[in-house]
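Please read the points below with the sequence and the structure in view.

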Amino acid sequence: MKLPTPGPELRRIGRIALGDIIHRSAERCGDRVAVIDGERTLTHRDLDALSSRFAHHLLSVLPPRTTVATLTTNSAEMLACLFGISKAAMVWVPVNVQLTASSIEYILEHAEVEYAVVDQELLERQDIASVLDRLGITAVAIGPGDGKRVAAFAEVTAGQSEDLPDVDVCGDDLALVMYTSGTTGHPKGAMHTHLSVYSTVTANMATHLMRESDVLSGFLPLFHCAQHTMTTSVLAAGGAVALARGFTADAGLDLIERRRVTIFGGLPMMFAAMLRHERSRSTDFSSVRLALYAMAAMPRPLIEQIARTMDADVWLVTGQTEAYPITMTFRALEHPHLDANYWGISTALCETKIMDSEGRLLGPGQPGEIVHRGPNVMAGYLKDPEATAAAQRFGWHHTGDLGVIDDSGQLLFLDRTKDMIKSGGENVPSIKVESVLLAHPDVANAAVIGVPHTHWGEAIVGVVILRDQARATAADLIEHAKAHLGRFESPKEIVIVEDLPVTATGKTQKMDLRRAYQDLFGA
């Protein structure tokens, strides 16, 4: 038996839309604090009203389904923007503001962005202003604007209706395109529907038992999937997020104590920095119930120190831009005998298996590629059917990561099939860094790898062969890279060698390089 195609009334009644999350939390707990942004707070009702005002502004200047970008750091206005974009049935394109201007331009042009919300300090950079001008993008500033062509966010939202806009939107509609660094020179745009993100939000609430009393830390950037999905989840539960624009150990300890953070999410290096700080001995950690870490393995001694000092449960949470997080959790304190590279088990939302190259699912103890399926998986890559087909072959989402499931059902991460480096929470394609090093006139060959680092998780290292008679030093090559790459993409070290390990066909054996330099930083 087949149900009839739903008509407009049923679509309206049963709709799934990300903008409805804050609208519904405002209905339930409107007077509770939703956003802490420095000394400023917004209630759920305030955030709902501000996001609706922005949505009505968008609908007054753009047709529905238009792509709208944010080039912003964490702020209450950014949250209002992303919910407002959804309420207006527009498509959100978050842009990593740490990228170079050329990478930002590629994303904006590839996604056909027509309108962008930009932080004032970015707008005042000539390279960013030139990109917006070249692409003919209308910009609004989080800040005063320029008084002429670029209006202020406060100006465009003033006087707009605070009612939920009457637009047609449903779960299968495209909600956002989030760009992820691939192994090629250009990033790929992962397309997510309202359903894929909304389903993840509900699963996260259940997995973490989120409630109205929860306060989530907001140090990770909202333009990444991890902070975005966790923030949306805690707001859906009626809780709050305490936003920050940059991490220091002092800032982390202060946020926990002053704002009574209950869920702290960060990189292992953040936890290590806080617990090394002299203030950690006097900080009141009694509010923290969950310490969530991601992006890198956490050493067992640090896990035990967090549990002892913060008296919090310690979990690894994983996911991808393509498979909205969280996909898996590893409850470290429940498995003290398992090492730091375990990813644990899937959430109730996402199914995870190990697959061989022929599409066969493998049993316990058999290594292969980690694959997922579930409603949190992307619809595909924007304008890239070949990459989409490769990621979706055999009816599963292919992560490009290798793993094995042990006899107890816990997944152990083994390695990456792609040469992706995860440094300081950012994904950096090695080939992008290699192309920059190879552009230097003194470089004959280069291989870029990630090696263990206690602060960055993985540090980017370039292993370089110089041309005959070349005079470039390691410091020269690092400065060259910094001039052409984002700060987080630049090598932390350059090693100059006579030759590189290669296969019979001449392909560099990066596994050998990683093994050779795994102790370069004493990690």
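A cavity is a set of grid points where a 1.4 Å probe fits but cannot get out, whereas a pocket is an open set. By this rule the model, which is predicted, has 1 cavity of 30 Å³ or more.

**The largest cavity**

- Rolling a probe the size of a water molecule over the atoms shows where empty space is left.
- The space in the largest cavity comes to about 70 Å³.
- Its lining is made up of L18, L82, F83, S86, W92, A175, L176, H194, H228 and T232.
- Three elements, α4 (76-87), β8 (174-180) and α10, each contribute at least two residues to this lining.
- Helix α4 provides the largest share, 3 residues.
- Sorted by class, the lining of the largest cavity holds 6 nonpolar and 4 polar residues, and no charged ones.

**The second largest pocket**

- The second largest pocket contains about 710 Å³ of space.
- A total of 30 residues line this pocket, and Q98, P221, R245, G246 and R487 are the ones that lie nearest its centre.
- Helices α6 (120-123) and α12 (268-276) each supply at least two residues of the lining.
- Of the elements involved, α12 gives the most, with 3 residues.
- The lining of the second largest pocket comprises 15 nonpolar, 9 polar and 6 charged residues.

**The contact of α9 with α10**

- Helix α9 spans residues 194-207 and helix α10 spans residues 225-236; their axes come within 9 Å and cross at roughly 65°.
- Because angles of 65 to 115 degrees count as roughly perpendicular, α9 is described as roughly perpendicular to α10.
- The two helices cross in a right-handed manner.
- On the α9 side the contact involves V197, T200, V201, N204 and M205, and on the α10 side it involves H228, T229, M230, T232, S233 and A236.
- This contact has 5 nonpolar and 6 polar residues, with no charged residues.

**The contact of α5 with α7**

- The axes of helix α5 (residues 101-110) and helix α7 (residues 126-135) come within 10 Å and cross at roughly 25°.
- Because angles under 35 degrees count as roughly parallel, α5 is described as roughly parallel to α7.
- The crossing of α5 and α7 is right-handed.
- Residues A101, I104, E105, L108 and E109 of α5 meet D127, I128, V131, L132, R134 and L135 of α7.
- By class, the contact of α5 with α7 includes 7 nonpolar and 4 charged residues, and no polar ones.

**Features of the backbone**

- The peptide bond that joins P325 and I326 is cis, with omega at about 10°.
- Residue I326 is found in the loop between β14 (313-318) and β15 (328-331).
- Residue K383 has a phi near 60°, which is a positive value in a residue other than glycine.
- The loop that holds K383 runs between β19 (380-381) and α14 (385-391).

Terms used
Residues are numbered from 1 along each chain as its sequence is written. This is a predicted model: local features need pLDDT of at least 70, side-chain atom pairs count only at pLDDT 80 or more; totals for chains, interfaces and linings use all residues. Side-chain values use heavy atoms; hydrogens and water are left out. On a 1 Å grid over the protein atoms alone, a cavity is a set of points where a 1.4 Å probe fits but cannot get out, and a pocket is an open set with protein on both sides within 12 Å along at least five of seven lines; lining residues have an atom within 4 Å of a point. Grid points are joined across faces, edges and corners, and a volume is the space filled by probe spheres set on the points. Helices (H or I, at least four residues) and strands (E, at least two) are DSSP runs, numbered from the N terminus. Ala, Val, Leu, Ile, Met, Phe, Trp, Tyr, Cys and Pro count as nonpolar, Asp, Glu, Lys and Arg as charged, and the others, Gly among them, as polar. Axes are lines fitted to C-alpha atoms, for helices over the stretch in contact, and angles run from 0 to 180 degrees between N-to-C directions. Angles under 35 degrees count as roughly parallel, over 145 as roughly antiparallel, 65 to 115 as roughly perpendicular and the rest as oblique. A crossing is left-handed if the near helix is turned anticlockwise from the far one by less than a right angle, and right-handed if clockwise. Contact means heavy atoms within 4.5 Å.
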